[in-house]
Amino acid sequence: VLYTPRNYDGRYRGPLLARLALAGSENVPAVALASELGVPGLLRFLQRAGLSTFDRNASYYGLGITLGNAEVRLDELVGAYAAFARGGEWMSPVYLHGAPHERRTLVSPRTAFWITDVLSDPAAREYIFGRGGSLELPFPVAVKTGTSQAYHDNWTVGYSRHVTVGVWVGNFDRTPLRDSTGVTGAGPIFHSVMLAAERRFGRSDGDVSDDSVVAVPQDEDAVTPREICALSGMAANPWCPRRHREWLPADAEPLPCSWHHLSDHGLLTIWPPEYRQWAKQNGLLTPELAGASAVASGSSRTGAVPTVVSGPTPADAAPDGASGSSRSNTLTISSPPDGTTYLIDPTLRREFQSVPLRAVAPVAGAVEWTVDGRPFGTASSEEQMMWSLSPGRHVFTARDRRGRTAEATVIVK
């Protein structure tokens with residue numbers, strides 16, 4: 001069945017920097033990344049992180065595993081987050097002082113630092129959560145909130161230099177909560193418990209700077225701050241209008257931004273194919289430059305929220321996982337996704353049950369659509385066509401003006 005996640009506030013912000021996506025708990029980027037990595041691999045990682053309650057296979061959980069459709073234990077979830085606080089080393093939780101721990105490396109010190117740096121950045125989550133709430137404390141804290149499927153539970157888990165704290169809020173009879181999320185429910189409790197824990201266990205660590213939760217990694221995991229384009233996430237070039245300092249591997253030289261250019265039209269933003277439709281829908285593709293997929297960067301509303309995955313509608317979760325720097329020379333169908341099964345809702349009128357047909361082309365232009373070998377219509381690659389659900393197996397074919405074709409097969413029940 002097609003999985004179409006929404007961001008919590010229902011908004012889709014176009015290309016989004018990973019820092020902002022994680023700090024802001026954006027759902028669509030998380031699902032897009034899970035789709036790219038694969039649910040089986042993600043499930044194995046979670047089990048390696050000490051979560052023992054995943055007793056079904058990957059197909060049972062699906063992509064929703066990254067948004068809270070599986071049960072976890074509070075003690076095991078806190079233990080998993082504590083691995084980031086230790087620089088990537090996981091230790092099994094114990095309940096008696098001095099009891100033996102099972103230990104293993106979960107992630108590299110560099111990965112642990114990146115995750116910690118993002119989760120302890122109040123400026124990165126401000127566009128969603130605001131400032132001055134229960135997630136901010138008078139000392140450095142990396143914190144993450146979560147709300148499970150259908151609002152059955154909510155969580156806040158975080159760590160300082162000295163302690164890791166997790167809070168669960170829910171009803172023991174599993175009835176959904178009302179007007180309670182990870183921020184409003186578990187967040188205030190987390191704030192109070194973390195303050196108390198720091199008063200008890202806080203101490204001075206000489207190997208950690210005053211403004212960080214963990215030390216900046218060195219040697220083979222070393223990172224260095226570099227200036228990147230706040231829109232593309234690539235190394236800033238001289239024409240990028242908005243820039244951001246980000247920690248990047250010290251041993252790698254990032255590619256310069258290919259989105260921003262200086263031309264006879266002035267400063268332009270060249271949108272990659274996977275974002276052109278979103279840009280057009282948001283008025284960022286000027287008519288005279290639409291064929292070149294360019295827009296005056298000064299008109300970009302995305303700049304208000306520097307954003308590396310997201311999209312215009314929930315059905316875009318899969319194509320959003322593509323890299324913003326992709327310059328593919330192929331035609332692809334972004335909707336409907338190949339292999340999808342749709343279910344007709346008997347409670348809704350048929351005219352309200354349709355699927356958008358969307359294609360991603362290297363160059364903007366007309367795309368001809370056929371359904372089950374019969375012509376359906378022609379539309380620009382910057383636009384979509386709607387197809388009403390009909391029971392059976394259906395084959396969609398898109399063909400652009402250069403003869404490139406793409407195909408997707410779906411089943412409707």
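Which residues line the second largest cavity? The legends below take up this point and others in a predicted model, in which local features need pLDDT of at least 70 and side-chain atom pairs count only at pLDDT 80 or more, while totals for chains, interfaces and linings use all residues. Residues are numbered from 1 along each chain as its sequence is written, and side-chain values use heavy atoms, with hydrogens and water left out.

**View 1. The second largest cavity and its lining.** The lining is made up of Ala23, Ser25, Leu119, Arg125, Phe129, Leu135, Val143, Lys144 and Thr145, where a cavity is a set of points on a 1 Å grid over the protein atoms alone at which a 1.4 Å probe fits but cannot get out, and lining residues have an atom within 4 Å of a point. Its volume, the space filled by probe spheres set on the points, which are joined across faces, edges and corners, is about 50 Å³. The largest share of the lining, 3 residues, comes from β3, and α7 (122–129) and β3 each supply at least two residues; helices (H or I, at least four residues) and strands (E, at least two) are DSSP runs numbered from the N terminus. By class, the lining has 5 nonpolar, 2 polar and 2 charged residues, with Ala, Val, Leu, Ile, Met, Phe, Trp, Tyr, Cys and Pro counted as nonpolar, Asp, Glu, Lys and Arg as charged, and the others, Gly among them, as polar.

**View 2. An open sheet of 3 strands in the order β3-β4-β5.** The pairing is antiparallel, and two strands are said to pair if DSSP finds at least two bridges between them. Because β3 (142–147) and β5 (164–170) stand at the edges with a single partner strand each, one side of each is left without a neighbour in the sheet. Strand β4 (residues 153–159) pairs with β5 over 7 bridges, and Asp153 stands opposite Gly170 in β5. Helix α6 (residues 109–119) packs on this sheet, touching β3 and β4 (contact means heavy atoms within 4.5 Å), and its direction makes about 75° with that of β3; axes are lines fitted to C-alpha atoms, for helices over the stretch in contact, and angles run from 0 to 180 degrees between N-to-C directions.

**View 3. Strand β14 and its partners β15 and β17.** β14 pairs with strand β15 (residues 374–380) in the antiparallel sense over 6 bridges, with Trp369 opposite Gly377. The two strands form a hairpin with 2 residues between them, and Asp372 in the turn has a positive phi of about 55°. Strand β17 (residues 392–400) runs antiparallel to β14 and is joined to it by 5 bridges, Phe396 being the bridge partner of Val371.

Note on methods:
1 Å grid on protein atoms, 1.4 Å probe; cavity = no way out; pocket = protein on both sides within 12 Å on 5 of 7 lines; lining within 4 Å.
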